[in-house]
Amino acid sequence: ARSEDGYSVILGVALDITEERRAKAQAQSAESRLRDGIESVSDAFVLFDRHDRLILWNQAFVDTFGFEPGMVRRGAKKDDLNRIAALAIHSEHPATGGRSGAREVDDVVRYEAAYDAVARSPGEFLAVVRDHAGTVVATMQLSIIPGLSRAGTTRLEVEGVRVAKGLRGLGLGAAMLEWAHDHGRARGATLAQLTTDSARADAHRFYERLGYTASHKGFKRPL
């Protein structure tokens with residue numbers, strides 16, 4: 001543009017995107033830590049969102065089912081992957097990298113069936129924690145159990161507490177349990193209970209700090 005005095009004028013607009021870049025870097029770092037934790041699991045791991053679109057998986061999942069390169073990608077439809085996985089169930093070809101072969105595919109199918117059963121049960125609640133970027137970083141299953149013992153006490157059962165490896169020790173697990181307690185109270189529960197592996201000493205100390213006591217000895221047997 002030219003001013004009245006004949007001088008050229010250059011107009012520009014500057015945008016400060018420092019915070020945006022910082023937030024993006026933090027999101028990428030959190031997702032990287034979560035993926036490192038998932039890849040450390042030797043079994044196949046896969047997670048879909050509520051619209052049945054793929055959001056998380058590990059290499060063991062790809063190897064177990066023998067997916068072609070590019071087939072497993074973020075946003076892939078669950079039905080499409082299931083159809084390919086169904087074909088792999090009948091395959092006896094071993095997976096690469098020393099992992100178990102496709103004969104373990106049935107385990108993943110059982111996980112999907114179990115998830116559907118949990119989703120349909122009114123007394124069950126599968127909680128998922130996402131970071132500010134929408135990445136899943138933790139989960140737990142909560143069950144409301146009415147009972148006749150302890151004068152008709154309704155119990156909150158806490159199971160399957162999982163936190164991404166890179167986010168452990170930061171207070172996320174404690175915050176999840178406090179949220180779970182509120183969830184139980186709102187539904188009439190007056191007692192919270194859980195089980196944990198007898199060899200996990202760190203987990204024992206964690207639950208004790210939250211007020212849990214080892215008051216009973218649990219027993220399990222296969223059916």
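1. Asp-182 and Arg-185 sit three residues apart in helix α6, about one turn of the helix; here helices are DSSP runs of H or I with at least four residues, strands are E runs of at least two, and both are numbered from the N terminus. The two side chains form a salt bridge, with the closest N and O atoms 2.7 Å apart. The term covers a side-chain nitrogen of Lys or Arg within 4 Å of a carboxyl oxygen of Asp or Glu. Asp-182 is partly exposed at 48% relative accessibility, and Arg-185 is exposed at 54%. For these labels, buried is under 20% relative accessible area, exposed is over 50%, and partly exposed lies in between (1.4 Å probe, protein chains only).

2. A word on the model before going further. It is predicted, so please keep in mind that local features need pLDDT of at least 70 and side-chain atom pairs count only at pLDDT 80 or more, while totals for chains, interfaces and linings use all residues. Residues are numbered from 1 along each chain as its sequence is written, and side-chain values use heavy atoms, with hydrogens and water left out.

3. Now the overall layout. The protein has seven helices and six strands, in the order α-β-β-α-α-α-β-β-α-β-α-β-α from the N terminus on. Of its 223 residues, 29% count as buried.

4. Helix α6 (residues 172–186) also belongs to a right-handed β-α-β unit with β5 and β6. Right-handed means that, with the strands pointing away from the viewer, the path from the first strand over the helix to the second runs clockwise. Strands β5 (residues 155–163) and β6 (residues 191–194) run parallel and are joined by four bridges; strands pair if DSSP finds at least two bridges between them. Leu-156 has Ala-192 in β6 as its bridge partner.

5. The hairpin of β1 and β2 deserves a look too. Its strands run antiparallel, joined by three bridges, and Phe-48 stands opposite Leu-54 in β2. Five residues lie between the strands, and Asp-52 takes a positive phi near 60° there. Most residues other than glycine have a negative phi. Asp-52 is partly exposed, with a relative accessible area of 34%. A salt bridge joins Arg-53 to Asp-49, the closest N and O atoms being 3.1 Å apart; Arg-53 is partly exposed at 36%, whereas Asp-49 is buried at 13%.

6. Ala-151, in helix α5 (residues 149–152), likewise has a positive phi near 60°. This alanine is exposed, with a relative accessible area of 84%.

7. How many salt bridges does the structure hold? There are three, including one in helix α7 (residues 201–209), where Asp-202 and Arg-205 lie three residues apart. Their N-to-O distance is 2.1 Å. Asp-202 is exposed at 56%, and Arg-205 is partly exposed at 42%.

8. Finally, the aromatic residues. The structure holds three aromatic pairs, counted when ring centres of Phe, Tyr and Trp (its six-membered ring) lie within 6.5 Å, with planes under 30 degrees apart called stacked, over 60 edge-to-face and the rest tilted. Tyr-207 and Tyr-212 are edge-to-face because their planes meet at 75°, with the ring centres 6.0 Å apart. Both are buried, Tyr-207 at 11% and Tyr-212 at 13%. Ring pairs link these two tyrosines and Phe-206 into a cluster.
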